[in-house]
Amino acid sequence: MYKFRIKCFMVLAAVVFLAIVARLVHLQGFSSEDYREQAGKMLTDVKMLSPVRGLITDRNGKVLADNLPWYELCLEYGLLSDDEAFYEKWFKRQRSRIVKEEKVSSERATTLLRQRIHATWARVYQIGLSNGMDRDAVDALIERTRRRVNAIRDAARISPVLEQYQAHPVVPGMATMVDTQGMIGASVVPRLKRHYPYGALACHVIGLTGQVNDVEMRRLNLPREQGDDLERLRRNYRGGDIIGKRGVEKMCEEALRGNRGYRKLDRRTGEPLEDGEPAIPGAAVKLTIDIDLQRELTDLLASTGSNGSIAVVSVQTGQVLAMVSWPTFDLNEYGRQYSKLVKDDLNFPLHNRAVTRLYPPGSTLKPLSGLAALQLGLVQGDTQYECRGYLINPSSFRCWIWPSAHIGHGMLDVVGALQHSCNVFFYHAGELVTAERLVDWYRQWGLGDVAGTGLPEESRAQLPSASWLNRHPGPGAARLMGIGQGPVVVTPMHVANYMGAIARRGEFVSPSLVVGGAAPQARRRIGVDARYISLIQEGMYKVVNDSDGTSYDVFHRSVLAAPEVEVCGKTGTATVPPQRWQGMSVRQGDMAWFAGYAPRENPQISFAVVVEYVVGGGSRNAGPLARELVKFCCKRGYVNQRPAPQDAAATDGEAP
């Protein structure tokens, strides 16, 4: 019995011994790399290297957005953490370091550490206040950091994660280096701050940057299950990171941002290891606008004393040469002026009126409604309607000439109706086409969608829906749509662009704002007979160049010289309710338009000008701006009398 027990014990011992040997062989032979890698990670710190944000330039290479040095005050996460156990571990490490470095007792080190923590927080709030951040703003940034790190830890299902061993910004955007002496767990990290050399010029186009928020990080960051830790660190946004918020800065964020690099450090010594990758700087983005033309047109519009917008587009390429919205604001002062700007609900300086503000287009839409009636065979080139100053009676559907003169335009065909901007003719045209068919027709000319520049602020042009038309039966809606009033609203960029399509004799090309194309351009041929587009172009030519045209005096009888080229255009005066502000009527008048293209032969630019809440109509208020606009474009070489190419509509590359 005794011998049997001995044998059983020896067999059991042998099995245990063999199991231990097998496990050691497995660890050494098959899992050693994994464990060595895990041990290496525990002894390695990863320092992320921020990329340089890409430049934004105009079409001629002039820098519109660059970078200036700035600094971030950062604190180690142990000091920020709301996890008591993790904070306690951080506290013990700091105390041990003080004991070792300063040769003091553990009790004395605890006292010193608490004093330094208190001094650190006091200094953080002081530095924040001197850099435009009150205590609440600093606390809000810290809370966002905690939520983000906790979310990463929860998703990883491990603790701690790498982000808990890193320092995080608590006061970003400092113009100068600050002294961290006497602070604990604090460091100052050099960064680059966005700078805009032209200040307020083209501010709505260039756009804004700001600190990334939680919503943006949830939407843009790679989830835990996608990519490895290092890839997510390089790719994902972190609290305090800068991101495009408006305009081109937002539209081209992916190109402008670049990718972080990293450097690995030995956690024991702080010495750099060989592993690492440099940061990849953001790409430069070249815009199609000419900043000098933008300046001239901004000054021109500002001189009117009214709010408004100007858009200029190359007919050959669809490239936007200028996009002006007034009033403007200084991009470099946006942070300090934010409260004032965002609360200005009288002038709305943050709105890019060229692509955001929706206006009734007024008579600038008459070329399209007239063209619809011609193309559908409902009127011919020689069809005439009599204008008595009104359509049916003097109390409704009147022509613009009736209130002041109590007369009409007489018998007019489509060319004469455009020349005189006769409402009565286009009431007839709209009624014949019908509202439903006008909606379909306007969509073909780009009025059923955003203009297409790619700017995130773009508003969609609005046309009446089928349900709206069902609720408003009868010819009234169609008549109003024929003269650009009623249920049709568009942006200035829409108007400039369909003027370009008329100049191209029926080819639609969506506007482009970035050389190389951040947004793909749409191109399509609109089915329109060449005879009919010629009639519309002739009418627009006579608006400006016939002595009876609505804008002849502005272009040819002004004390200022006329442009050197022949302009085709259309005035517009859109009736709108008074602007109300704080319960009061503060602005009254019309939206004054002038839109067109130049020159008459081989068109090279199309444009739209709108001036808000003025008295006197489009010819008087917007016409002079259009006249000077064409002269500016001539001076800069965007308009000349060169012969037309074989296929001007298909010309590629940049406008001159």
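1. Start with Arg 53. In this predicted model, Arg 53 is buried, because its relative accessible area is 11%, under the 20% cut-off. Its salt-bridge partner is Glu 249, with the closest N and O atoms 3.1 Å apart. Glu 249 is buried as well, at 0% relative accessibility.

2. Look at where these two residues sit. Arg 53 is in the loop between β1 (44–49) and β2 (56–57). Glu 249 belongs to helix α10, residues 247–251. The pair links distant parts of the chain, 196 residues apart. Arg 53 and Glu 249 are also members of a salt-bridge network, together with Arg 194 and Glu 253. Across the whole structure, the search finds 28 salt bridges.

3. A second pair to check is Arg 357 with Glu 612. Their side chains meet in a salt bridge, 3.1 Å from N to O. Arg 357 counts as partly exposed, at 22% relative accessibility. Glu 612 counts as buried, at 4%.

4. Arg 523 forms a salt bridge with Glu 507, and the closest N and O atoms are 3.5 Å apart. Arg 523 is in β18 (residues 523–525) and Glu 507 is in β17 (residues 507–509), so the parts tied together are 16 residues apart in sequence. Arg 523 is partly exposed, with a relative accessible area of 36%. Glu 507 is buried, with 12%.

5. Next, the sheet. Five strands form an open sheet in the order β12-β11-β23-β22-β19, and the pairing is antiparallel. β12 (320–326) and β19 (568–575) are at the edges. Each has a single partner strand, so one side of each is left without a neighbour in the sheet. From one strand to the next, the twist averages 10°.

6. β19 and β22 (residues 590–598) run antiparallel and are joined by 8 bridges. Cys 568 stands opposite Tyr 597 in β22. Helix α21 (residues 492–503) packs on the sheet. This helix touches β11 (308–314), β12, β19, β22 and β23 (605–614). The direction of α21 makes about 145° with that of β23.

7. Is helix α14 enclosed or open to the outside? Of its 10 residues (366–375), 9 are buried, so α14 is largely enclosed by the rest of the structure. Among the buried residues are Lys 366, Pro 367, Ser 369 and Gly 370. The buried set also includes Leu 368, Leu 371, Ala 372, Ala 373 and Leu 374. Just after the helix, Gly 377 takes a positive phi of about 75°.

8. Last, the empty space. Rolling a probe the size of a water molecule over the atoms shows where such space is left. The search of the whole structure finds 3 cavities of 30 Å³ or more. Which residues line the largest cavity? The lining is made by Cys 203, His 204, Gly 207, Arg 246, Gly 247, Phe 329, Leu 350, Asn 352 and Glu 457.

Key:
Residues numbered from 1 in each chain as written. Predicted model: local features only at pLDDT ≥ 70, side-chain atom pairs only at ≥ 80, totals over all residues. Heavy atoms only, no water. Pairing = 2+ DSSP bridges. Helix = DSSP H or I, 4+ residues; strand = E, 2+ residues; numbered from the N terminus. Axes fitted to C-alpha atoms, helices over the stretch in contact; angles between N-to-C directions. Contact = heavy atoms within 4.5 Å. Buried < 20%, exposed > 50% of the residue type's maximum accessible area, 1.4 Å probe, protein only. Salt bridge = Lys/Arg side-chain N within 4 Å of Asp/Glu carboxyl O. 1 Å grid on protein atoms, 1.4 Å probe; cavity = no way out; pocket = protein on both sides within 12 Å on 5 of 7 lines; lining within 4 Å. Points joined across faces, edges and corners; volume = space filled by probe spheres on them.
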